[in-house]
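Hi,

Here is the structure I promised to pass on. Please open it before you read the notes below.

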Amino acid sequence: MWGGAYAVVQAVWAVTGTTVPSTPDESYTSATQGVLAGMGVVAAGAGLAATRTWVGWRHAATTVSLCAAVLVYLLGAASLPAHFVTLASGSGVESATGLANVLLHAAGAGLLVPATLSFWRRHRNQCPRCGRFHEGRSSGALVHPAPSVASKRTRVAVFLLMGGLLPWAGVKTIWTLGGDAIGVTAEGWRDSNADASGIAKALASVGIDVTVLAAAAAIFLLLGLMYPWGQVFPRWTLLLSGRRVPRLLPLLPAWATAFGLSLYGVFLLVVFVPLTALGVLPEMKPTGAFTTSSGLLWMAAFGGMAFTGLGFGLVLAARSYAMRTRPVCAGAGTPVLAPAG
């Protein structure tokens with residue numbers, strides 16, 4: 001159903017010449033939207049094929065179609081964190097079609113990833129629902145494991161990755177509090193944010209940058225993924241206290257933002273900043289509150305560290321959470337060993 005709806009929306013946009021931003025400076029062409037409409041049909045067919053067990057070329061074709069569709073929709077949803085920060089700051093929607101397109105891609109990735117996982121499990125003779133090797137039914141209620149803490153190795157790795165936020169958040173906090181750093185003055189920072197929303201200005205008046213606040217929300221999510229209060233609502237949630245946290249409640253935002261943040265952060269750290277510093281790419285011209293090119297380059301490096309750390313931290317924490325909270329089918333018989341190979 002989603003594949004058909006996605007194909008229709010992309011086809012209508014292509015025929016009517018609707019502007020759909022792909023980046024802040026570029027938009028999708030009608031030809032690209034036509035290809036995306038075709039990909040929606042392919043994704044729908046692959047989703048239907050994933051409900052059966054295939055062998056030979058049919059299995060290979062289904063696997064390739066699912067993987068290609070997942071990659072396309074993950075890339076299309078990569079800017080979802082930026083839209084979230086814009087909306088949370090009260091700045092409004094820059095492009096309704098752009099946001100709708102990102103949400104369509106995110107929904108597609110959210111549906112196709114579990115479909116792909118179920119398809120692979122069925123091919124390996126695992127239960128397509130819970131992913132375990134067991135006899136008996138794969139339906140009915142699910143039995144959830146007791147709350148647990150992430151392994152020490154995972155917690156140490158995530159906390160180290162979270163440290164990548166410190167330079168970026170520190171510099172922004174200095175500006176908001178009235179200090180100067182890396183070629184940006186407090187006055188220049190205030191002038192560059194003169195058109196910000198009322199919420200952003202109110203937060204800045206007490207020394208809080210709205211993007212730093214968004215990063216704090218991501219840290220809260222990281223902690224919830226690693227500790228038991230992310231599996232059972234704690235006492236401070238009042239009416240929800242003691243209830244089991246729906247498994248997808250923390251996993252969906254974690255997976256939805258981790259890919260985009262990681263991709264953007266790695267690009268800045270591994271490609272953009274080194275090549276610009278070596279002169280391979282053109283020198284960045286000072287813009288906005290920045291008065292020097294070096295200051296702008298340093299900020300790009302700090303942003304790369306922050307996004308890479310936060311993105312990969314979410315990947316590790318979400319993986320740990322998914323493994324620790326994975327339920328088993330209640331109607332399953334005695335667990336069996338995985339078949340050889």
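A residue counts as buried under 20% relative accessible area, as exposed over 50%, and as partly exposed in between. Met305 has a relative accessible area of 33%, so Met305 is partly exposed. Keep in mind that this is a predicted model.

Met305 lies in helix α12. Met305 also belongs to a nonpolar patch on the surface. Two elements give two or more residues each: α11 (248–277) and α12 (293–324). Of the contributors, α11 gives the most, with six residues.

Now the two helices themselves. The axes of α11 and α12 come within 6 Å. They cross at roughly 145°, and the crossing is left-handed. Sorted by class, the contact between α11 and α12 has 25 nonpolar residues, eight polar ones and one charged one.

One more residue to look at is Arg155. Where is Arg155 found? Arg155 sits in helix α6, which covers residues 152–162. Is Arg155 buried or partly exposed? The relative accessible area of Arg155 is 25%, so Arg155 is partly exposed. How far apart are Arg155 and Leu316 in sequence and in space? In sequence, 161 residues separate Arg155 from Leu316. In space, the pair is 9.0 Å apart, C-alpha to C-alpha.

Best wishes

How values were computed
Residues are numbered from 1 along each chain as its sequence is written. This is a predicted model: local features need pLDDT of at least 70, side-chain atom pairs count only at pLDDT 80 or more; totals for chains, interfaces and linings use all residues. Side-chain values use heavy atoms; hydrogens and water are left out. Patches are made of residues with over 30% relative accessible area and no salt bridge: like charges are joined within 9 Å, nonpolar side chains (Val, Leu, Ile, Met, Phe, Trp, Tyr) within 5 Å. Accessible areas come from the Shrake-Rupley method with a 1.4 Å probe; for residues, only the protein chains shown count as cover. A salt bridge is a side-chain nitrogen of Lys or Arg within 4 Å of a carboxyl oxygen of Asp or Glu. Helices (H or I, at least four residues) and strands (E, at least two) are DSSP runs, numbered from the N terminus. Buried means under 20% relative accessible area, exposed over 50%, partly exposed in between (1.4 Å probe, protein chains only). Axes are lines fitted to C-alpha atoms, for helices over the stretch in contact, and angles run from 0 to 180 degrees between N-to-C directions. A crossing is left-handed if the near helix is turned anticlockwise from the far one by less than a right angle, and right-handed if clockwise. Ala, Val, Leu, Ile, Met, Phe, Trp, Tyr, Cys and Pro count as nonpolar, Asp, Glu, Lys and Arg as charged, and the others, Gly among them, as polar.
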